[in-house]
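This report describes the fold of one protein chain, element by element. The sequence and the model come first.

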Amino acid sequence: MNDLKKFESIVQKLLKKHNIKIIRRSVNSGAAYVPERKVIIPKITNIHQFLICIHEIGHIINNWSYNKMSKHRCEFLTEKWTLQQARKYKLDKHYPTELEMYSKIAKRYVVNCCHNNHKKIPSYVMNWIKAKPSIHAEL
Ligand SMILES: [Zn+2]
């Protein structure tokens, strides 16, 4: 089994285990409807798309939604969790470049969420962004 099929199978198992339904498969974006346990997730043709799937599933597994907390905190927790999962699946070993790219995009996304709400980025976000090398940082 090639890696992309393996990652698709990981996603399918998570969806089944946590009783999550797919609304549709997208290209490069995702969405999670936490109370409804539904997601829009990309088709997996690369590592970045796999990590978007994990991110959206993470919102639901952890019950992290904008109803419960600010958007920037919600996305911070979900991106941190996604990067932890990436290490669990050994992407830091086998796909370090792709993981580093996802990590950069994830951090930029969380910073943008902060900017939409706050003038100042919270220190917990700053500490996470500064952690180097990011993919090996303790979370
Ligand atoms: Zn999210």
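Two residues are in contact if their C-beta atoms, placed from the backbone, lie within 7 Å. By that rule, and not counting residues up to four places away in sequence, Val39 touches Ile20, Ile22, Ile23, Gly30, Ala31, Ala32, Glu56, Ile57 and Ile60.

The model is predicted: local features need pLDDT of at least 70, side-chain atom pairs count only at pLDDT 80 or more, and totals for chains, interfaces and linings use all residues. Residues are numbered from 1 along each chain as its sequence is written.

**Overall fold**

The protein chain has six helices and three strands; helices (H or I, at least four residues) and strands (E, at least two) are DSSP runs, numbered from the N terminus. Read from the N terminus, the order is α-β-β-β-α-α-α-α-α. The C-alpha trace spans about 45 × 35 × 25 Å along its principal axes. The radius of gyration, taken over C-alpha atoms, is compared with a globule rule of 2.2 Å times the number of residues to the power 0.38. For 139 residues a compact globule would have a value near 14 Å, and the 15 Å of the protein chain agrees. Among contacts between residues at least 6 apart in sequence, 48% join residues at least 24 apart.

A residue is buried if 20 or more other C-beta atoms lie within 10 Å of its own, exposed if 12 or fewer, and partly exposed in between, with C-beta atoms placed from the backbone. Buried residues make up 31% of the 139 residues.

**Strands**

Strand β1 (residues 21-26) pairs with strand β3 (residues 38-42) in the parallel sense over five bridges; pairing requires that DSSP finds at least two bridges between two strands. Lys21 has Lys38 in β3 as its bridge partner. None of the six residues of β1 is buried. Arg25 lies in β1 and is partly exposed, with 14 other C-beta atoms within 10 Å. Leaving aside neighbours within four places in sequence, Arg25 is in contact with Ile41, Pro42 and Lys43.

**Core**

A nonpolar core is a set of buried Ala, Val, Leu, Ile, Met, Phe, Trp, Tyr and Cys residues joined through C-beta atoms within 7 Å. Of the 28 residues in the largest such core, Val39, Phe50, Leu51, Cys53, Ile57, Ile60 and Val110 touch the most other members. Two or more residues each come from α1 (3-17), β3, α2, α3 and α5. The largest share, eight residues, belongs to α2.

The expected span of a helix is 1.5 Å times one less than its number of residues.

| Helix | Residues | Expected span | End-to-end C-alpha distance |
|---|---|---|---|
| α3 | 18 residues | 26 Å | 25 Å |

In α5, Leu99, Tyr102, Ser103, Ala106, Lys107, Val110, Cys113 and Cys114 are buried. Seen down the axis of α5, these buried residues fall within an arc of 135°, so they line one face of the helix; the arc is that of the directions from the helix axis to the C-beta atoms. The face turned away from them carries the exposed residues Thr97, Lys104, Arg108, Asn112, His115 and Asn116. The buried residues of α5 pack against α2 (47-61), α3 (71-88), α4 (91-94) and α6 (123-130).

The buried residues of α3 include His72, Cys74, Phe76 and Leu83. Their cover includes α2, α4, α5 and α6. Just after α3, Lys90 takes a positive phi of about 65°.
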